[in-house]
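Hi everyone, thanks for having me.

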Amino acid sequence: IDCQLCGFKHIIPIPTVEELEKVYQHDYYMQDKPLYLERYREDIDWWNMTYADRYELLEQHLPPGKRRLLDIGSGPGFFLLNGQSRGWQVKGIEPSVQAVEHSHGLGVQVDNAFFSADTTPDLGKFNIINMSDVLEHIPDPAALLALVNDRWSEDDLLCVVVPNDFNPV
């Protein structure tokens, strides 16, 4: 389906909340992407350069005292680790049990939950909210962005990275 309002494309039928919870909490790293962490580690030098570039860009737009970042869908925690090593206060929220365990092993703080109306009040406020490869997994991106809007102030930043496989640019 192509949404005429926002241009978002999605599958039919849209997965239920229960189906998404099952997939992303337990199956994603075990069944759907069992070699994800291994492949990620093979490319860690590239990822670290990518993350350093992103943090440098963010640092250009915020004063030094504003270095509190929430990473929604933080995956295995490498982006958070990179920020933490730069002196940022970082926190992630991630539904995958396996990814959260990996993140904790790296020494980064990640809550094992979905970013939702139920979980956002306990997270606090942030100067940067990062979402890398998250929006394309969400049945209602506009609703997620409305929740994000409550987590940061007017002069803070939102960083969204999405796949762009169908754009020739």
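**Rings first, then a helix**

Counting rings whose centres lie within 6.5 Å of each other, we get five aromatic pairs. One of them is Trp46 with Trp47, an edge-to-face pair with 4.7 Å between the centres and 75 degrees between the planes. Keep in mind that this is a predicted model.

How exposed are these two? Trp46 has 47% relative accessibility, so it counts as partly exposed. Trp47 is also partly exposed, at 22%.

Now look at Tyr55 and Phe79. Their ring centres are 4.6 Å apart and the planes meet at 20 degrees, so this pair is stacked. Tyr55 belongs to helix α3 and Phe79 to helix α4, 24 residues apart, so to speak a link between distant parts of the chain. Both residues are buried.

Step back, and ring pairs join Trp46, Trp47, Tyr51, Tyr55, Phe79 and Trp88 into a cluster.

Let's move on to helix α5, residues 97-106. Which of its residues are buried? They are Ala99, Val100, His102 and Ser103. Looking down the axis of α5, you'll find these buried residues within an arc of 160 degrees, so they line one face of the helix. Here's a handy reminder: an α-helix has 3.6 residues a turn, so residues three or four places apart point the same way. Just after α5 comes Gly107, with a positive phi of about 90 degrees.

How values were computed:
Residues are numbered from 1 along each chain as its sequence is written. This is a predicted model: local features need pLDDT of at least 70, side-chain atom pairs count only at pLDDT 80 or more; totals for chains, interfaces and linings use all residues. Side-chain values use heavy atoms; hydrogens and water are left out. Buried means under 20% relative accessible area, exposed over 50%, partly exposed in between (1.4 Å probe, protein chains only). Helices (H or I, at least four residues) and strands (E, at least two) are DSSP runs, numbered from the N terminus. The arc is that of the directions from the helix axis to the C-beta atoms. Rings of Phe, Tyr and Trp (its six-membered ring) pair if their centres lie within 6.5 Å; planes under 30 degrees apart count as stacked, over 60 as edge-to-face and the rest as tilted.
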